[in-house]
Amino acid sequence: MKIWIINHNAIPPKYGALVRHYYFGRHLYHQGDKVTIFTSSKIHNKNINLCKRGEDFVEEIIDGIQYVYLRSRNYSGNGLDRIINMLQFAWKAGKVDRTFSKPDLIYASSPDIFAAITAQRMAKRLHTPFVLEVRDLWPESIVGVKKLSPNNPIIRFLYKMEKKLYIKANKIIFTMPGGAKYICDKGWQKEVDLQKVLSINNGVDLAEFNENAEKFRMEDEDLLSDQFKVVYCGTIRKANDLGKLLDAAKVIKEKTDAPILFLIYGDGSERSKLEERSRKEGLPIRFKGNVDKKYIPYILKHADLNILNYIDIDVIEKYGSSSNKLFEYIASGKPILSNRLLMNDLICENQLGNARNFESPEEYANEILTYFHLDPKRKEEIRFASDKVIQAYDYKNLSKKVYEVLHDEDNQKDNK
């Protein structure tokens with residue numbers, strides 16, 4: 001089967017961490033499918049544009065997958081330039097059938113809702129099955145993070161487009177577990193067939209993770225120190241609300257003499273402000289900046305406690321999350337602590353650590369200290385449970401689920 005995957009940020013591993021569809025595409029290819037991934041030439045969060053001036057697109061074959069990088073403008077941050085980039089990509093993605101031969105199925109992945117709309121319309125025009133994947137609830141998450149009114153005209157328009165996509169898709173894949181609940185909460189269940197809704201989480205390539213942990217090591221004196229190391233890996237932006245982690249670090253510094261060191265790997269719009277605060281307050285925190293993805297397994301395996309930190313918004317608590325780093329954290333076998341308790345929380349369900357909605361910095365600090373004092377037997381229990389849980393989220397196994405969804409005979413019903 002010839003499959004088109006349309007995803008604004010579906011980059012191959014050599015360019016970063018947004019590689020869900022690389023793993024799916026590689027598995028589909030080995031099962032006999034021909035996979036083409038249409039994605040933006042501008043690599044998100046990197047100063048890289050793969051198209052030179054005058055090029056409409058660039059093609060590359062990676063592990064049997066045909067990547068087509070559509071020319072999209074450069075941008076930085078999350079402002080107007082990024083929105084224009086999204087619209088530009090969606091416009092160009094909607095015309096790829098003029099250059100490339102018709103697929104047997106179109107698989108579009110949001111949160112770039114503009115590209116998903118384009119893909120649905122193209123599927124209708126080509127009389128091709130359309131599978132929609134939802135990796136982030138747009139515009140629901142925008143309403144939560146930006147504190148916008150659901151009655152804002154632009155937000156209402158985006159809700160209307162979102163609902164239309166759900167109605168017209170042959171299948172809907174949510175990465176978070178609460179997709180069907182979200183549709184019901186919106187009152188759309190009479191128009192959106194819940195039988196076509198399912199969840200396939202993000203995950204980790206377990207063999208690659210373990211190989212990289214051994215192969216790519218870091219000479220980082222902080223990471224290799226004898227102190228108790230609390231590690232956060234990921235973007236440093238408002239949605240991650242790392243100020244609360246700094247608050248907890250301050251409590252620990254002022255009220256205990258525990259040798260605890262906080263290591264933050266990553267970058268983002270909030271980094272400079274938080275780093276300056278940490279310096280002024282003399283907090284036991286080191287901001288390490290971005291590191292190549294291949295070093296993440298080594299970092300996580302050398303942590304004593306790995307941290308997930310979220311902003312306080314209802315959407316992730318009600319419908320869950322499927323952050324890539326959660327599964328890397330699980331693969332490390334080390335205890336995990338999250339400052340939000342989410343729907344179907346894998347950490348609590350499998351006793352891999354804890355997830356709590358902390359009411360104060362003192363509560364957060366005390367929970368971190370719990371893991372500082374954790375006995376060796378409990379650490380070994382967490383490692384054993386992590387090894388068992390992560391098997392279900394190995395991309396080798398998740399890809400089999402995607403194959404079954406895309407090859408389901410029900411997809412052959414006419415796209416509405």
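Below is a chat about charged pairs, cores and helices in this predicted model.

Q: Let's start with Lys196. Where does Lys196 lie?
A: This is a predicted model, and in it Lys196 lies in the loop between helix H6 (179-185) and strand S8 (197-199).

Q: OK, is Lys196 buried or exposed?
A: Lys196 is buried, yet it has no salt bridge.

Q: What lies 2.6 Å from a polar atom of the Lys196 side chain?
A: The backbone oxygen of Ala169 does.

Q: And what is Lys196 in contact with, leaving aside its neighbours within four places in sequence?
A: It's a run of names: Tyr166, Ile167, Lys168, Ala169, Asn170, Lys171 and Ile172.

Q: Switching topic: how many salt bridges does a search of the whole structure find?
A: It finds 30 salt bridges. One joins the side chains of Arg26 and Asp205, at 2.8 Å from N to O. That pair links distant parts of the chain, 179 residues apart: Arg26 is in helix H1 (residues 20-30), and Asp205 is in the loop between S8 and helix H7 (206-215).

Q: What about Arg271 and Glu275, how do their side chains meet?
A: They meet in a salt bridge, 3.2 Å from N to O. Both are in helix H9 (residues 271-281), and because they are 4 residues apart there, about one helical turn separates them. Arg271 counts as buried at 18% relative accessibility, and Glu275 is partly exposed, with a relative accessible area of 32%. Elsewhere, salt bridges that share partners join Asp220, Asp222, Arg286 and Lys288 into one network.

Q: New topic: how many residues does the largest nonpolar core have?
A: It has 106 residues, and the ones with the most contacts inside it are Ile6, Tyr166 and Ile368. Helix H3 (residues 113-126) supplies the largest share of this core, 8 residues.

Q: Tell me about H3. How many of the residues of H3 are buried?
A: Of its 14 residues, 10 are buried, so H3 is largely enclosed by the rest of the structure. Among them are Ile113, Ile117, Gln120, Met122 and Leu126.

Q: What covers the buried residues of H3?
A: The cover includes strand S1 (2-6), helix H2 (80-93), strand S5 (105-110), strand S6 (130-134) and helix H5 (153-168).

Q: How far does H3 reach, and what follows it?
A: H3 reaches 20 Å from its first C-alpha to its last, close to the 20 Å expected at 1.5 Å a residue. His127 follows H3, and its phi is positive, near 55°.

Q: What about helix H12, how many of its residues are buried?
A: In H12 (residues 324-332), 8 of the 9 residues are buried, so H12 is largely enclosed by the rest of the structure. The buried ones include Lys325, Phe327, Glu328 and Tyr329. Just after H12, Gly333 takes a positive phi of about 80°.

Q: Last one: where is Lys244, and what does it touch?
A: Lys244 is in helix H8 (residues 243-255), and at 35% relative accessibility it counts as partly exposed. Not counting residues up to four places away in sequence, Lys244 touches Asn309, Asn339 and Tyr364. Lys244 and Asn339 are 95 residues apart in sequence, with 8.8 Å between their C-alpha atoms in space.

Technical notes:
Residues are numbered from 1 along each chain as its sequence is written. This is a predicted model: local features need pLDDT of at least 70, side-chain atom pairs count only at pLDDT 80 or more; totals for chains, interfaces and linings use all residues. Side-chain values use heavy atoms; hydrogens and water are left out. Helices (H or I, at least four residues) and strands (E, at least two) are DSSP runs, numbered from the N terminus. Buried means under 20% relative accessible area, exposed over 50%, partly exposed in between (1.4 Å probe, protein chains only). Lys and Arg count as positive and Asp and Glu as negative; His and the chain ends are not counted. A salt bridge is a side-chain nitrogen of Lys or Arg within 4 Å of a carboxyl oxygen of Asp or Glu. A polar contact is a pair of N or O atoms within 3.5 Å; within protein, one must be able to donate a hydrogen and the other to accept it, and residues adjacent in sequence count only if both atoms are side-chain atoms. Contact means heavy atoms within 4.5 Å. A nonpolar core is a set of buried Ala, Val, Leu, Ile, Met, Phe, Trp, Tyr and Cys residues joined through side-chain atoms within 4.5 Å. The expected span of a helix is 1.5 Å times one less than its number of residues.
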